[in-house]
Amino acid sequence: MDYHITFWNLENLFDIEHSPRRTEKLQRAIGSDVKGWGPTQLNQKLEQLNRIIIQLNDGKGPDILGVCEVENAHVLHMLIQKMGMLNRNYALVHADSDDRRGIDVAFIYDADLFSVEEENGEPKVFDHFVLRRTATRDILQVNFLTHHSQSQQRLVLIANHWPSRSGGQYESEGYRQIAGETLSYFHQRIREIHGDDTPVMAMGDFNDEPFNESLTRFAIALRSRARVVRGRIPYFLNLMWSLMDYGTASFYFGNKPNMLDQFLANENMLKSNSTIKVVPDSVSIERFPEMIKPGAYGVPVHFGGMGKKMNLNGFSDHYPISVKLREL
C-alpha cells in the first residue's frame, strides 16, 4: 500500500477581516493586515489552493496533507469542503497555538486510510511548545494508525513551522535552533515511549535550509543515509538533499532559491525491513505550470494578502512538497 504525503505552506490563509472567531487580542495584532480580506477574497484563495490540491497524487489528491500558515480550523474546514470533488473522506487535526499572528499547523487526512490513535478515549495529538521569550508556533505531533492491515501500524507525523528569518537570517537563527532542539528532544521521547522501531516523519517549513545548523546540529537531520540507519542516537535523514543540485526550491527570496520546506525521516522509515518506509526517489517539489511565474527563475505565483498586494490568480509563495510512503 502506497501513501502520498504532501506538505504545503498555504501563505496567509486567514479568516475574514471581522471574523467572530478571532480574539480581540489577535484582532489588535493583525487588524490592519486583514483589512479588505472579505468572503470574496477568502473564497478565491481557497479555490486557488484547491485547484492545485486536486491535481496531486495523479488527480487523486493527497492521502495526508500537512499545512502551515493557517489561522484556524474554520478556514481549513472550508478548504476540505472545496476538496469534496475528490470524493474522499477527509478529516482534520488542528490545534490553536499562541503564535502572535495566530497562525497554526495542521493535518488533513483521509479517514478511510488513517485514524488518530487514542488512549482512554483521547486522541494522541500533542502540541510541543517551542520555548522563547515571545510566543511562537507549536510543533504538532499526531500518532496515526494505518488501516491497511489488521495490526494497524503506528505512523508518527510531526508538522513544523519554525520562526521566520524576519529581522535577518543570522539574527533570528537562534530561535530556529531552539525549534530544532525541541523537535529532536520529542523525536527521542517518541522512541522511548513507543519503541525504537517507531516510524517518525517530520515535515514543514523550517525557514532554514538542509545545511543550516538548526537542522544538522540541533534537529540532527543529516545527509548520510548510512549514518542515520547505523547511528546510535535518533537521527533524521533529510530527504531534500537529493533535490538540492537541480536549482529548484520550495521558496524564493529575491529570485534566490531556498529549500525551506522539507521532509525528515527517521531510520525506521529507511531500513529494508521497515513496515512503513520511504519510497526511494519519491520526494518532489510540486510545480504545476499555472503556479510558476514566467521568467528564468521559476518563482511561484504568490496570492499575497496580509498587507501585501493580492493576485487573485496566485496560489502561495511556497510550492508544495510530496513524498511517497509504502506499507508492507
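Begin by selecting Ser274, whose side chain reaches the backbone oxygen of Lys271 at 3.1 Å. This is a polar contact, that is, a pair of N or O atoms within 3.5 Å; within protein, one must be able to donate a hydrogen and the other to accept it, and residues adjacent in sequence count only if both atoms are side-chain atoms. The model is predicted: local features need pLDDT of at least 70, side-chain atom pairs count only at pLDDT 80 or more, and totals for chains, interfaces and linings use all residues. Residues are numbered from 1 along each chain as its sequence is written, and side-chain values use heavy atoms, with hydrogens and water left out.

Ser274 itself is placed in the loop between strand E16 (261-266) and strand E17 (276-278). Helices (H or I, at least four residues) and strands (E, at least two) are DSSP runs, numbered from the N terminus. Is Ser274 buried or exposed? Its relative accessibility is 4%, so Ser274 counts as buried; buried means under 20% relative accessible area, exposed over 50%, partly exposed in between (1.4 Å probe, protein chains only). Leaving aside residues up to four places away in sequence, Ser274 touches Glu267, Asn268, Met269 and Leu328, where contact means heavy atoms within 4.5 Å.

Next, select helix H4, residues 73-82. At its start, a side-chain oxygen of Asn72 reaches to within 3.2 Å of the backbone nitrogen of His74. Colour Val75, Leu76, Leu79, Ile80 and Lys82, the buried residues of H4. Viewed down the helix axis, these buried residues fall within an arc of 155° (taken from the directions from the axis to the C-beta atoms), so they line one face of H4. Their cover includes strand E1 (2-13), helix H2 (39-53) and strand E2 (64-70), together with strands E3 (90-94) and E4 (104-110).

Move on to helix H5, residues 169-194. Centre the view on Tyr175, where H5 has a kink of about 30°, the bend being the angle between axes fitted to the seven residues ending there and the seven starting there. Among the buried residues of H5 are Arg176, Leu183 and His194. After H5 comes Gly195, with a positive phi near 110°.

Finally, display the whole chain, which has seven helices and 19 strands. Of its 328 residues, 56% count as buried.

Definitions and conventions. Expected span 1.5 Å × (residues − 1).
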